[in-house]
Structures are given as C-alpha cells and as structure tokens.
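Here is a short briefing for a first look at this structure. Start with the view below, then read the points by topic.

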Amino acid sequence: MNSFLFIGLPYASLIFMLVGSIFVYNNSEYRFTSLSTQLLEGNKLYKGANLFHWGLIFLFFGHLFAFVIPSSVIAFNRCQVRLLLLEASAFGFALSSLLGLTILIHRRITDARIRVVTSKPDVLVFILLFSQIVSGLCVAYFYRWGSSWFAAMLTPYLYSLFTFAPDIKSIELLPLTVKFHLVSAFIIVGIIPFTRFLHFLVYPIGYFFRSPQIVMWNRDHKVKRESDNISGEGLPPKNN
C-alpha cells in the first residue's frame, strides 16, 4: 500500500496532469478559466477569495523553499525565536486559508444562483481543498516543527521521485495524518486538468504587452440610468 500511495500515485498524478493539460489545451482552450461567479455575488467572494489565496500563496512558497533549499531552512530554524515565528506564521496563514475556503463553501451552499452553476468537479475540489488544509493544520498542531522535519524527511523523498529512484523508507514511518496530507496533495495534482485548477497553469502574460483598450460610451455616463415609471403605466403593450 505504501508503494502504491507514495510511488505509483505521485507518478500517475503527474502523468494525468501533464497529458490531461496538453489534451485540454489543444481541444478546448476556453476551459483554461476559473469560471468566475463574481457577477452573481461579489461580497462573500471578495472576502473568501482574498483570505484563501493569500494564505495559500504563503503556504505554497513555504513548502517550496523547504523543498528547494532544505539546508537553509534547517539553518534558519536553529534559532528558537525564528522557528517559533515561522511555525506561528504558517499556522496563521493556514487558518486564513481555511476561513476563506469556509466562506466560499458557505457561499456556494446558501446562494441559489451560485448553486446552479456549481458542478460536481467543483464539489470535489472543495472537498479535497478542505481536507488538505484541515489535515495540514492537524499535522502542524500535533507534530510540531514541521518546517524542519519536512526539510529533513520529505524533501529527500520528493527528490527521489524526481530522480526516478523513489525511496519511501522515511515515509513509511510517518503518522497517518501526514500520509493523508501527502496523498490528498497528489490527488489534487492529478485532477488539475479536469477542474477549475487548470487556470493556475496559464497566466495572461500577453495582457502586459497589448495596446490599451478604448471604451466608448454611447450614453452620457453622468446621467443616472433609473426609470421613474416603476408601475409600468404608459408603456406600449407587448406583442402577443
């Protein structure tokens, strides 16, 4: 089971992500979008999306640094004050992501118009993200100083995957919560081409270099567009 989850699943997820993304890009470029529902409801979306994305960005780069420069992270954590600040900051940003995601899920459930445009892949994405963040918080709380042991134990394992010489000896000893956190991350990577996650892979760089667009109004924008005839009296009859 360990070999399946921590050798077979990571490679399968990467293959699904790469092949699936290329296939979707060649056959339906329009799917490279987050399919925003801002026009249907904007207040909760603004609050939830900001809390979720800013927390997630910090966590992503924190994990990335521990993977790319593990020795520097371990050296940084030798000072107890720095270690405490790093762990507290990461926990706080994880709580921010969880709060933001909870707002977005509540928005999807309580708003009838948002529910109509919510697909089954959207539900799967919310479930996986929620389980990923909650399991990460559990790991951070019950198995302290994760920034250090991530760099010491998980980074060598991830390097072994990229060098096609997978070594899961250190992974086999980890608690089930940590294993669940890893497995859910691999699943998220694998389903990227089939969900709204796909828009993460494409950034509209061309927008920075294109000419400014000119918007022409066909009305006087200073005049408030408001109808005084609320009752509808005096309007021409509708054609039958």
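Helices (H or I, at least four residues) and strands (E, at least two) are DSSP runs, numbered from the N terminus. This is a predicted model: local features need pLDDT of at least 70, side-chain atom pairs count only at pLDDT 80 or more, and totals for chains, interfaces and linings use all residues. Residues are numbered from 1 along each chain as its sequence is written, and side-chain values use heavy atoms, leaving out hydrogens and water.

**Overall fold**
- The chain has nine helices and zero strands.
- Contact means heavy atoms within 4.5 Å. Among contacts between residues at least 6 apart in sequence, 80% join residues at least 24 apart.

**Burial**
- Buried means under 20% relative accessible area, exposed over 50%, and partly exposed in between (1.4 Å probe, protein chains only).
- Of the 240 residues in the chain, 32% are buried.

**Phe61**
- Phe61 sits in helix α2 (residues 43-68).
- Phe61 counts as partly exposed because its relative accessibility is 40%.

**Thr195**
- Thr195 lies in the segment after α9 (176-190).
- Thr195 has 8% relative accessibility, so Thr195 counts as buried.
- The Thr195 side chain reaches the backbone oxygen of Ile191 at 3.3 Å. This is a polar contact: a pair of N or O atoms within 3.5 Å; within protein, one must be able to donate a hydrogen and the other to accept it, and residues adjacent in sequence count only if both atoms are side-chain atoms.
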